[in-house]
Amino acid sequence: MSIENYILLGPPGSGKSTQAELLSAGLGLRHIDIGSALRAAAEEDTPFGHMVNATINKRRELVSDDIVKAVLEKALKNIQAPQGILLDGAPRRASQIDKVTEALRSVGRTISWVIFIDLSEEESIERISKRYLCLSCHKPYIFGKDIFSTEAVCDACGGKIGQRTDDTPAGVRKRFQIFQAETLPVADYFEKAKTLLRVDGHQDAQAIYQDIIRQKGR
Ligand SMILES: [Zn+2]
């Protein structure tokens, strides 16, 4: 069986991390999450690590496409096993498509499928704005399921419960709109290249997973 390499795209709340787990386990893929790879790189005591740290932690800016490429190349070199990958977090804008393609090509890989989990703006806001967390120990809570009042305190440490500014309705709306403006063109690109698998993110996680498996088998 030939090695397959996947890219995972989806707006906030589309359930990308759950699908990443299901797909990695189900298809034996190595999950490369560019966000965590960048955070890990920022911890390194190297010139590159310092540069990434200055960008994401000190200036709180988006990293350049070249940094994304460098982090991806490093992650790819660490894979020894003849194993497919599931790339998550890049390309997040059209200018990163070539960078990602080149990084993959440099280790003899090509993009087999691009999975796009589609979700409406309303549902994205609905799902994410229920996300709360303990401001002290960061234990996650879902409003309406784990907590029923914004005055609730953390059952693990007694800390105050709050929301990331990113997770408020206004914050999610902004992230969703950035996704539409910057990442949808990436999905369109792969749709034209006939490698896009578009799945409906309003379904439950298992149904989304089965849909992906069914579509790629066509
Ligand atoms: Zn806590």
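Student: Which is the crossing of α2 and α3, left-handed or right-handed?

Tutor: A crossing is left-handed if the near helix is turned anticlockwise from the far one by less than a right angle, and right-handed if clockwise. Here, α2 and α3 cross in the left-handed sense. The contact involves Leu 38, Ala 41 and Ala 42 of α2, and residues of α3 including Phe 48, Val 52 and Ile 56. Contact is counted when C-beta atoms, placed from the backbone, lie within 7 Å.

Student: What should I know about the model first?

Tutor: It is a predicted model; local features need pLDDT of at least 70, side-chain atom pairs count only at pLDDT 80 or more, and totals for chains, interfaces and linings use all residues. Residues are numbered from 1 along each chain as its sequence is written.

Student: At what angle do α2 and α3 pack?

Tutor: Axes are lines fitted to C-alpha atoms, for helices over the stretch in contact, and angles run from 0 to 180 degrees between N-to-C directions. For α2 and α3 (residues 47-58) the angle is about 120°, and the axes lie 7 Å apart. Helices (H or I, at least four residues) and strands (E, at least two) are DSSP runs, numbered from the N terminus.

Student: What is the strand order in the five-stranded sheet?

Tutor: Strands pair if DSSP finds at least two bridges between them. The open sheet of five runs β2-β3-β1-β4-β8, with parallel pairing. At its edges stand β2 and β8 (196-200); each has a single partner strand, so one side of each lacks a neighbour in the sheet. On average, neighbouring strands are turned by 20° against each other, direction ignored.

Student: How many bridges join β4 to β8?

Tutor: Five bridges join β4 (residues 113-118) to β8. Across that pair, Ile 115 stands opposite Leu 197. Two helices also pack on the sheet. Helix α1 (residues 16-27) touches β1, β2, β3 and β4, and its direction makes about 170° with that of β3. Helix α2 touches β2 and β3, at about 65° to the direction of β2.

Student: What is the order of the three-stranded sheet?

Tutor: This open sheet has the order β6-β5-β7, with antiparallel pairing. β6 (140-142) and β7 (161-162) are the edge strands, each with a single partner, so one side of each is left without a neighbour in the sheet. Three bridges pair β5 (residues 131-134) with β6. Tyr 132 faces Tyr 141 of β6 there.

Student: Which residues of α4 are buried?

Tutor: Buried means 20 or more other C-beta atoms within 10 Å of the residue's own, exposed means 12 or fewer, and partly exposed is in between; C-beta atoms are placed from the backbone. In α4, the buried residues are Val 68, Lys 69, Val 71, Leu 72 and Ala 75. They fall within an arc of 165° seen down the axis, so they line one face of the helix. The arc is that of the directions from the helix axis to the C-beta atoms. That face packs against β2, α2 and α5. On the other side, Asp 66 and Lys 77 are exposed.

Student: What is the phi of Arg 60?

Tutor: Phi is near 50° at Arg 60, a positive value in a residue other than glycine. Arg 60 sits in the loop between α3 and α4. With 7 other C-beta atoms within 10 Å, Arg 60 is exposed. His 138 also has a positive phi, about 70°. Its loop lies between β5 and β6.

Student: Where is a cis peptide bond?

Tutor: One joins Ala 90 and Pro 91, with omega about -5°. Pro 91 belongs to the loop between β3 and α5.
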